[in-house]
Amino acid sequence: PTTKPYAVRADAHPNPTAKRLLKLMDRKKSNLCVSIDVTKCEDALEIVRRVAPAVCMVKTHIDIMEDFTPAFTAELARLADEHDFLIFEDRKFADIGNTVALQYSSGVHRIAEWSHITNAHPLPGPGIVTGLGKVGKPLDRALLLLAEMSSAGNLAVGDYTRQAVQMARDAGRDWVVGFIAMGRVDSDGDDDFLVLTPGVGLVAKGDALGQQYRTPRQVVYDSGCDVIIVGRGIYGIEGDAAAVLAEAEKYRAEGWKAYEDRLIQA
Ligand code: UP6
């Protein structure tokens with residue numbers, strides 16, 4: 001996958017959401033996902049409006065919103081259509097199949113209704129993938145498995161990571177389209193999974209709580225990942241709307257250059 005253009009990979013992908021993502025990445029020249037980790041709906045929407053032209057995806061943590069109403073996700077969905085990006089709810093499901101199916105479809109947030117992509121920890125075993133699939137597959141949604149994490153001391157390493165990749169292969173790419181990982185965890189096969197990578201920053205090296213940052217170039221060029229996920233490095237900067245968009249644009253340009261260089265080098 002690292003040697004093929006996103007557009008070529010789009011044509012061959014069996015999952016409609018992954019196909020759409022790869023196509024729009026090519027169209028917008030963006031492999032940037034902005035993570036919106038603020039707790040007020042209006043603040044979140046304001047960030048989305050600022051960065052929309054530069055992103056292929058917006059990532060939410062819907063359970064941190066203090067004033068959530070369904071109007072928030074409706075507006076997010078409208079912005080996604082208007083500005084051509086996908087919505088990724090970073091829910092990190094981690095329970096038995098029956099429970100996650102309810103958490104995905106129901107509750108206050110009804111994640112499956114508005115989130116194109118979500119993710120799960122492989123920890124509970126393949127039932128989590130099947131349970132979420134009962135809800136998400138009929139809606140043409142896509143699932144990512146957390147094969148690795150960016151935080152210091154995390155346990156998703158070695159055999160755990162290998163088994164996460166195997167679980168995705170067993171489930172099929174029509175539902176599990178890829179991974180949250182720090183590098184090309186699927187490199188022992190020629191199946192084309194998406195690798196989305198958090199822990200990306202141009203300035204900070206980490207935070208006080210174990211987060212570890214690498215640059216877009218290290219992530220996309222050196223490690224062969226497909227999408228960079230940036231939160232505080234973009235929405236956390238000082239300045240007005242234009243400054244936030246300029247920062248997002250900086251990450252977009254770096255991520256895209258690293259991708260183009262990766263193709264040339266191959
Ligand atoms: N995230 C990580 N590391 C992981 C998985 N997920 O940082 O291994 C998520 C966090 C946060 C975002 O939950 O929403 O990615 C990173 O934000 P930051 O760029 O502000 O550190």
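Reply: A residue is near a molecule if its C-beta atom, placed from the backbone, lies within 6 Å of it. The model looked at here is a predicted one. There are 16 residues around the ligand, and those that come nearest are Met149, Ser150, Pro198, Gly231 and Arg232. Two or more residues of this shell are given by strand 8 (227-230), and likewise by helix 10 (232-235). By kind, the residues of the shell divide into eight polar, five nonpolar and three charged.

Now for the rest of the protein. Its fold has eight strands and 11 helices. With a radius of gyration of 17 Å, close to the 18 Å that the globule rule gives for 266 residues, the protein is as compact as a globular protein of that length. Along the principal axes, its C-alpha atoms fill a box of roughly 45 × 45 × 40 Å.

One pair of helices shows how such elements pack. Two packed helices are described by the angle between their axes and the distance between the axes. Helix 3 (residues 41-51) packs on helix 11 (residues 241-265) at an angle of about 60°, and their axes are 8 Å apart. Because of that angle, helix 3 is oblique to helix 11. The crossing of helix 3 past helix 11 is right-handed. On the side of helix 3, Ile47, Arg50 and Val51 make the contact; helix 11 contributes Ala241, Val244, Leu245 and Ala248. Of the residues in this contact, six are nonpolar and one is charged, with no polar residue.

Definitions and conventions: Residues numbered from 1 in each chain as written. Predicted model: local features only at pLDDT ≥ 70, side-chain atom pairs only at ≥ 80, totals over all residues. Axes fitted to C-alpha atoms, helices over the stretch in contact; angles between N-to-C directions. Helix = DSSP H or I, 4+ residues; strand = E, 2+ residues; numbered from the N terminus. Parallel < 35°, antiparallel > 145°, perpendicular 65-115°, else oblique. Left-handed = near helix turned anticlockwise from the far one by under 90°. Contact = placed C-beta atoms within 7 Å. Nonpolar A, V, L, I, M, F, W, Y, C, P; charged D, E, K, R; others polar. Rg over C-alpha atoms; globule rule 2.2 N^0.38 Å.
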